[in-house]
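Hello,

I am handing over the structure we talked about, and my notes on it follow below. Please have a look at it first and then read on.

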Amino acid sequence: MCAMKLKDKDIVLGATDKIGHEVFVTTHNGLGLKYNLDEIPATGVRGSGVKSITLKNDVVVSLNVINDEELISIITTKGTGKRVKLTEFEKTSRGRKGVQVVRDVKTNPYYILNSYVLNSKHQIGLKTKEDIVLIKLTELPIADRYSTGTSLLKDNLVSTFEVKDLS
């Protein structure tokens, strides 16, 4: 059994048992931060964690553990997506601000809905208000970190999820 201390407005985004050596954190406003997993110290039950990324009017949308994967898949609320080589993001240390993972368009901003560090054989689900569409990660183009991505759906997305094979 695990326990953790959360502050009033804190929420748990997820948990993983994935083994890796790096972490990639993505925020709603389009920032990303890559750092070594060993920068996160083990804490006891009464510990309240450590700061992963410095935020200003933003929230974390995903945290990915990286092992040998080469690409990160990024999906925006506007229904666009792309894959970016992880080598485009300089490894830094925990607690910094991060760098842009999608171009900052002031008049019509793109917000990150989710990001995935998965091999290209995986599928993800895109959920709109009325439908769910499954896409293979290979359908996402490889682009640089400053692009907004390619349009996947005409509708705005509500959520995304990794498709798991239960067999």
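**What I found**

Strand 4 (residues 71–76) and strand 5 (residues 80–85) are joined by 5 bridges in the antiparallel sense. Gly-81 in strand 5 is the bridge partner of Ile-75.

A word on where this comes from: the model is predicted, local features need pLDDT of at least 70, side-chain atom pairs count only at pLDDT 80 or more, and totals for chains, interfaces and linings use all residues. Residues are numbered from 1 along each chain as its sequence is written, and side-chain values use heavy atoms, with hydrogens and water left out.

Now the whole protein. It contains 12 strands and 0 helices (a helix would be a DSSP run of H or I with at least four residues). The radius of gyration, taken over C-alpha atoms, is 16 Å, close to the 15 Å from the globule rule for 167 residues, so the protein is as compact as a globular protein of that length. That rule is 2.2 Å times the number of residues to the power 0.38. The C-alpha trace spans about 45 × 45 × 35 Å along its principal axes.

Best wishes

Terms used. Helices (H or I, at least four residues) and strands (E, at least two) are DSSP runs, numbered from the N terminus. Two strands pair if DSSP finds at least two bridges between them.
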